[in-house]
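Here is a short briefing on pockets, a surface patch and salt bridges. Please keep the structure open while reading.

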Amino acid sequence: MKRVVYPGSFDPFTNGHLDLVRRGTRLFDEVLVAVAVNQEKQPLFSIEERVELITACCRGLPRIRIVSFQGLLVEALKAFQADAVLRGVRAFSDFEYELQMAFMNRSLSPSCETVFLMPTVENSFVSSRVVKEIASLGGDFASYVPEPVRQAIERKLKQRRQP
């Protein structure tokens, strides 16, 4: 069985992320969506909330498992007995960063392979950061995220606005 880990903070999980998960199932027997703790980001949702939201978004899709991890990605690959890392690249700037990370991961673990997928055109400009910004400024972000995520963002922002 070929298993791939799709790591990310997924805060929030977007339609672009969901598209990569779906497309990953065409290439691998199992896709593990691995929610990571990222010390550099201020999350809107807790790890538990993100796992719950992604689970709701992926309900009904075959061969997908939602997990969380802390620490080095190469250690997570070993723990999950995965064959590769799945990453999306929207722009050349993404590719530069992702290439550097792929080389570093391979340096840490020579068997670590990384598979890059380009987004669909309609998701090529969507990022979690931009979705959060649009939502926080009262803009219409619904077309960029799955419905469970839209509802959760609206609830979260409403809670934050209450005194």
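Which residues make a nonpolar surface patch of about 290 Å²? Leu72, Met104 and Leu108 make that patch. This is a predicted model: local features need pLDDT of at least 70, side-chain atom pairs count only at pLDDT 80 or more, and totals for chains, interfaces and linings use all residues. Residues are numbered from 1 along each chain as its sequence is written, and side-chain values use heavy atoms, with hydrogens and water left out.

**Surface patch**

- Patches take residues with over 30% relative accessible area and no salt bridge; like charges are joined within 9 Å, and nonpolar side chains (Val, Leu, Ile, Met, Phe, Trp, Tyr) within 5 Å.
- Accessible areas come from the Shrake-Rupley method with a 1.4 Å probe, and for residues only the protein chains shown count as cover.
- Leu108 sits in helix H4. Helices (H or I, at least four residues) and strands (E, at least two) are DSSP runs, numbered from the N terminus.
- Leu108 counts as partly exposed because its relative accessibility is 45%. Buried means under 20% relative accessible area, exposed over 50%, and partly exposed in between (1.4 Å probe, protein chains only).

**Largest pocket**

- The largest pocket holds about 1,300 Å³ of space. Its lining has 44 residues, and Gly8, Lys41, Arg87, Tyr97 and Glu98 are the closest to its centre.
- On a 1 Å grid over the protein atoms alone, a pocket is an open set of points with protein on both sides within 12 Å along at least five of seven lines; lining residues have an atom within 4 Å of a point.
- Grid points are joined across faces, edges and corners, and a volume is the space filled by probe spheres set on the points.
- Elements that each supply at least two lining residues include strand E1 (3-8), helix H1 (15-27) and strand E4 (84-88). H4 gives the most, with 9 residues.
- This lining divides into 19 nonpolar, 16 polar and 9 charged residues. Ala, Val, Leu, Ile, Met, Phe, Trp, Tyr, Cys and Pro count as nonpolar, Asp, Glu, Lys and Arg as charged, and the others, Gly among them, as polar.

**Second largest pocket**

- About 170 Å³ of space lies in the second largest pocket.
- Its lining includes Phe45, Glu49, Pro148 and Arg155. Helix H2 (47-58) and helix H6 (147-161) are the elements that give two or more residues to this lining.
- H6 gives the most to the lining of the second largest pocket, with 5 residues.

**Salt bridges**

- The count comes to 12 salt bridges. Each is a side-chain nitrogen of Lys or Arg within 4 Å of a carboxyl oxygen of Asp or Glu.
- Asp19 and Arg23 meet in one of them, at 2.9 Å from N to O. They are 4 residues apart in helix H1, so about one helical turn separates them. Both Asp19 and Arg23 are buried.
- Asp94 pairs with Arg90 at 3.0 Å, N to O. Asp94 is buried, at 17% relative accessible area, whereas Arg90 is partly exposed, at 35%.
- Arg150 bridges to Glu154, with the closest N and O atoms 2.5 Å apart. Both lie in helix H6, 4 residues apart, about one turn of the helix. Arg150 is buried at 18%, and Glu154 is partly exposed at 40%.

Methods:
1 Å grid on protein atoms, 1.4 Å probe; cavity = no way out; pocket = protein on both sides within 12 Å on 5 of 7 lines; lining within 4 Å.
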